[in-house]
Every structure is written in C-alpha cells, then in structure tokens.
Amino acid sequence: MYAQPQALASYGKMANTETDPIKQIVMLYDGAIKFLNMSVQDIENNDVVGKGEHSNRALDIMNYLRSILDFDKGGDVAVSLDNLYQKITVLILKASAELDADLMRRAAELLAPVRDAWETNANQDPATK
C-alpha cells in the first residue's frame, strides 16, 4: 500500500491553514488531477520513473479520498463516490502498467466534474450549505 502521508505532505501546510473541509477536498482533487496530467506527460515522454512517482501520488490521494468517505452520513452519495474512486484507481493502475496516456487522461477527466461540483459547494454562502 502507498504511504498516504507522503502523497499529501505537499498539501499539509495549505490544508492546515484552510478550515473549510470542502475546500480541502477540492485541493485534494486538484492534486490528483495535477498528478494524473503529469503522468500523462511522463508516459508521452517515456519517463517511466516520473510516471511511477506521479501515478503513485495520484493513487495515494484516491486512497485517502476513499478512506475519509462517511457512509453513514453520505449514504448513496458516499457509495457513488467510492465506486468512482475505485474505477479511477483501476484506470490509473491499468494506465500505469500499460503506459497508456489515454487511460491516464481519462482518469483525470472523470475527476474533473466531481471536483467542480465540490468547488461549487465550497463557494456557496455558508448559510445555504
């Protein structure tokens, strides 16, 4: 298993100053998408070492996101997110093993609309949340 604290260390200082947990989730999505896009570039540049590092960091974030799901409070939404995270994890692993930039790109594309929904929620007036 991957060392989650290492993958999230670059976000630690910023996340610690950010008190809104929804904004922290958006930052995690941003990181995962960034690392997936970096993995795409690594695959296209035949940089296997970089691809390994960046895809592992994206996987660490996906694992962390799965670990913080609250199935009691989140109900069907938590189940749907868990399924999405699992699907993306499989895509990342397959893309990494096959050096398939298109699959890696697809993983990032699947995260983008969910990230945008979280950001919309984060930007709502706290009284309407």
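**View 1. Thr-89, a residue of helix 4.** Let's start with one residue in this predicted model. Thr-89 sits in helix 4. Is Thr-89 buried or exposed? Its relative accessibility is 12%, and buried means under 20%, so Thr-89 counts as buried. Who are its contacts from farther along the chain? Leaving out residues up to four places away in sequence, Thr-89 touches Leu-59 and Met-62.

**View 2. The largest nonpolar core, with its 30 residues.** Which elements give two or more residues to the core? They are helix 2, helix 3, helix 4 (71-98) and helix 5 (101-122). Helix 2 is the top contributor, giving nine residues.

**View 3. Leu-111 and the residues it touches.** If you skip residues up to four places away in sequence, Leu-111 touches Tyr-29, Ala-32, Ile-33, Leu-36, Met-62 and Ile-88.

**View 4. Helix 2 (residues 21-44) against helix 3 (residues 48-67).** The axes of these two helices come within 8 Å and cross at roughly 155 degrees. Angles over 145 count as roughly antiparallel, so that is what helix 2 is to helix 3. The crossing itself is left-handed. On the helix 2 side, look for Ile-25, Leu-28, Tyr-29, Gly-31, Ala-32, Phe-35, Leu-36, Met-38, Ser-39, Asp-42 and Ile-43. Helix 3 answers with Gly-50, Lys-51, His-54, Ser-55, Arg-57, Ala-58, Ile-61, Met-62, Tyr-64 and Leu-65. Sorted by class, this contact has 13 nonpolar, five polar and three charged residues.

**View 5. Helix 2 packed with helix 5.** Here's another partner for helix 2. At what angle do helix 2 and helix 5 pack? The angle is about 160 degrees, and the axes are 9 Å apart. With the cut-off for roughly antiparallel at over 145, helix 2 is therefore roughly antiparallel to helix 5. Helix 2 passes helix 5 in a left-handed crossing. As for the kinds of residues in this contact, you'll find 18 nonpolar, three polar and six charged ones.

Note on methods: Residues numbered from 1 in each chain as written. Predicted model: local features only at pLDDT ≥ 70, side-chain atom pairs only at ≥ 80, totals over all residues. Heavy atoms only, no water. Axes fitted to C-alpha atoms, helices over the stretch in contact; angles between N-to-C directions. Helix = DSSP H or I, 4+ residues; strand = E, 2+ residues; numbered from the N terminus. Parallel < 35°, antiparallel > 145°, perpendicular 65-115°, else oblique. Left-handed = near helix turned anticlockwise from the far one by under 90°. Contact = heavy atoms within 4.5 Å. Nonpolar A, V, L, I, M, F, W, Y, C, P; charged D, E, K, R; others polar. Core = buried A, V, L, I, M, F, W, Y, C linked by side-chain atoms within 4.5 Å. Buried < 20%, exposed > 50% of the residue type's maximum accessible area, 1.4 Å probe, protein only.
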